[in-house]
There are 2 protein chains.
Amino acid sequence: MSAIPDGQAERRPRASGAPTVQDVAVQANVSPMTVSRVLSGAKHVRPELRERVERAVAELGYHRNENARSLRPGQQSGLVGVTITNIANPYYAGLQRGIEEVAARHGRRILVGNSNEDPVLERQLVADFLGRRVEGLIVVPSGIGEPDHLQPAALRGVPLVFASRAVDGVAVDTVLVDDVTGAFEATSTLLREGHRRIAFLGNRLSVFTGRRRFRGFRQAHQSARVAVVEDLVRLGQQDVESAQQAMAEVLELADPPTAVFSANNRNTVGAIRAIVAAQRQQAWTRSDGVPPPQMRLYGFDSFEFADLSPVPLSVVDHDAVELGRRAAEMLFERLDGTGANLPPRVVELPVSLRA
Amino acid sequence: MSAIPDGQAERRPRASGAPTVQDVAVQANVSPMTVSRVLSGAKHVRPELRERVERAVAELGYHRNENARSLRPGQQSGLVGVTITNIANPYYAGLQRGIEEVAARHGRRILVGNSNEDPVLERQLVADFLGRRVEGLIVVPSGIGEPDHLQPAALRGVPLVFASRAVDGVAVDTVLVDDVTGAFEATSTLLREGHRRIAFLGNRLSVFTGRRRFRGFRQAHQSARVAVVEDLVRLGQQDVESAQQAMAEVLELADPPTAVFSANNRNTVGAIRAIVAAQRQQAWTRSDGVPPPQMRLYGFDSFEFADLSPVPLSVVDHDAVELGRRAAEMLFERLDGTGANLPPRVVELPVSLRA
DNA sequence: CTGTTAGCGCCTTCAG
DNA sequence: CTGAAGGCGCTAACAG
């Protein structure tokens, strides 16, 4: 069969270096099948053989090749794909934490990618994840561009859950924060306090949450029969710098607002910075001892320093970790649970108002 | 060969549902090999066939099975495993962002797990990642327990990079912050300002960074020939709550500190909370108009609100995203670059002091 | 209780 | 330029 004089089965080193069931089998002097059975925790293996296998595994430092394993029919990859717009945003870090926690509990690992709000990147990430045969996907959708890569048809049966944002025209499981109610209640509070010129700082309306929070803001005005002051509406700030800039502009208007509703933590932080800067400016300019009127600020999203803000701040609080957990739980209900064929569900997590 | 009357090759649906090269080949009326060649971007394929294949891929929604692909000799998984102690900590979120950015640039995806500072979980994560044939590992080591699972021998040639923390006795590539210098300079500044009773708030000494930052604190005292006030040293706070508690205790001492050095952002936040609470308490208790002495606070790690802290705060700043990038770059130098056989390198990233 | 056979999806090697 | 054969590591199904 072979020109090698040695009649024994020759164990030549493989390229990859990692030992295989074969290697373990040789070392333990059993068949590969027995190794496989031991690794799978099968009951019907003679204790002695089991022990020989376990010893060989330890000696060789063997790790079962999960990729090869997932190739067998009926086997799963044990992988869940997660697409986040920006993991450096503490809110999404919490989201990932919740997802990972539940995934680990279900014996799965997560593949994570940042989409940077870029639909092209998002599409690539999803395609790659599908190529790695993830069992499910959790996506914070960027919300721009055609979402055909997220349609169930394109996913060929791989369950998808949207977290934090939904996509119009894509009917899949979704976990949201109750944006509209949160924005409505916060704005209503400001109106009830007598504010009539309330600034709005938020995302582009192409961002799902931005749209919904703006809707709550509007609805509160309608309910109170107060007109939204359009000059005080600033949309499109995605980061702290632009939010600070927008707030600074609003403060410089001839007729500035008496209160601000900011639709996310980026805008809240920017608003705080702008207000502090303006106060310092005023303190420097005027020395008549008259304190400048304090700006009333209400923000969507909480953050660690909300209660220590130098500007009095109320927030619409909600729990990112819990949102992540819920998204993952919905996914695993379809994967492991009985609910594989339920129609798509949308869950809205409650918010809590913190004065 | 088969009892099926239909002489054509029968394309029965496979269990997994996902189409294979076979399916694409049938659809495009070519051999699987041609499909493979097209997908690999091979030059020598007749344009017509190429187009037929591409059409079939689109029609079927085909995604190449990367797990099967990685089985072939010489193929890599395209995966990097990342173990973080707690992704909900904004610092580590930044770290992950940096890692992911570089990994994506190198065409790799990241598998991420939280170890929760638990060496058992960390070990499981690493074992699982090895089973998935990650090409490399980036680990923020928990630093407790025997690190034999991180020894190069146990990793069988899979490169490992430590990020933010090292492990004694494990010689691998490491990216650190210059903890000792940062703590030394910060403490020296406080001493230069005349403070002689400086509190220290930090991690357990089993945490690598905690140990190093404490060393810097001590060395600064030695250099200034000032004794460390041992009563003011509080080690072991891993979260904001315990840090706040520790700071509160220190403030209640008969002879409280005039300054505080906190060794990480959790402890800084806790210290701020305790100081604010104490000030409120004092304002409420005493009404003699004498302002309570302001506490001087210097913290390791920056955070978003550092410059808006209600307590005057200086920080030792450093860049988590950049640390993540550097760790990933070191890894890919071994993977893709020429430096596969370099001896282990340790990089210390500089800190910057922000008054 | 244990071993043999075969094939998951892919691509390198070799023929045509 | 294209196709056929074989094997990567693993484990169901089927002997023994």
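Colleague: In what order do the six strands of the open sheet in chain A stand?

Modeller: In this predicted model, strands are DSSP runs of E with at least two residues, while helices are runs of H or I with at least four, both numbered from the N terminus. Two strands count as paired if DSSP finds at least two bridges between them, and strands of a sheet pair through backbone hydrogen bonds, either parallel or antiparallel. In chain A the pairing is mixed, and the order of the strands is β7-β6-β8-β9-β10-β12.

Colleague: Which are the edge strands of that sheet?

Modeller: Residues are numbered from 1 along each chain as its sequence is written, and chains are lettered from A and ligands numbered from 1 in the order in which they are written. As the model is a predicted one, local features need pLDDT of at least 70 and side-chain atom pairs count only at pLDDT 80 or more, whereas totals for chains, interfaces and linings use all residues. An edge strand of this sheet pairs on one side only, and that holds for β7 (233–235) and β12 (352–354) of chain A.

Colleague: Which residue is the bridge partner of Phe200(A) in β7(A)?

Modeller: Strand β6 (residues 198–202) of chain A is joined to β7(A) by three bridges, and these two strands run parallel. Within β7(A), the residue that is bridged to Phe200(A) is Val233(A).

Colleague: What angle does the direction of helix α8 make with that of β9(A)?

Modeller: Axes here are lines fitted to C-alpha atoms, for helices over the stretch in contact, and angles run from 0 to 180 degrees between N-to-C directions. Contact means that the C-beta atoms of two residues, placed from the backbone, lie within 7 Å. Helix α8 (residues 179–192) of chain A packs on the sheet and touches β6, β8 (259–262), β9 (296–300), β10 (313–317) and β12 of chain A. Its direction and that of β9(A) make an angle of about 175°.

Colleague: Which strands of chain A does helix α9 touch?

Modeller: Helix α9 (residues 208–223) of chain A packs on the sheet as well, with a direction that makes about 170° with that of β6(A). The strands of chain A that helix α9 touches are β6, β8 and β9.

Colleague: By what turn can chain A be laid on chain B?

Modeller: The copies are superposed by least squares on the C-alpha atoms of residues with pLDDT of at least 70 in both. The RMSD is 0.1 Å and the shift along the axis is 0.0 Å, with a turn of 180°. The two copies are thus related as by a two-fold rotation axis, and the turn asked for is 180°.

Colleague: How many residues of the side of chain A that touches chain B are nonpolar?

Modeller: In the interface, 47 residues of chain A are in contact with 47 residues of chain B. Elements that give two or more residues to this side of chain A include α5 (90–105), α6 (119–131) and α11 (265–285). Ala, Val, Leu, Ile, Met, Phe, Trp, Tyr, Cys and Pro count as nonpolar, Asp, Glu, Lys and Arg as charged, and the others, Gly among them, as polar. The division is ten charged, 15 polar and, for the nonpolar class, 22.

Colleague: Why do the copies meet through the same surface?

Modeller: One place to look is β2(A), which three bridges join to strand β2 (residues 109–114) of chain B in the antiparallel sense, with Leu111(A) opposite Leu111(B). The copies meet through the same surface because the share of interface residues of chain A that are also interface residues in chain B is 100%.

Colleague: Which element gives the largest share of the surface near DNA strand D?

Modeller: A residue is near a strand or molecule if its C-beta atom, placed from the backbone, lies within 6 Å of it. Of the 26 residues around DNA strand D, those that come nearest include Thr20(A), Asn65(A) and Arg46(B), and by class this surface has twelve nonpolar, eight polar and six charged residues. The largest share, four residues, comes from α2(A).

Colleague: Which element gives the most to the surface near DNA strand C?

Modeller: Around DNA strand C there are 26 residues, and among those that come nearest are Ser31(A), His44(A) and Thr20(B). This surface divides into twelve nonpolar, eight polar and six charged residues. The element that gives the most, with four residues, is α2(B).

Colleague: What radius of gyration does chain A have?

Modeller: The radius of gyration is taken over C-alpha atoms, and the globule rule is 2.2 Å times the number of residues to the power 0.38. The C-alpha trace of chain A spans about 100 × 45 × 35 Å along its principal axes. A compact globule of 355 residues would have a radius of gyration near 20 Å, but that of chain A is 28 Å.
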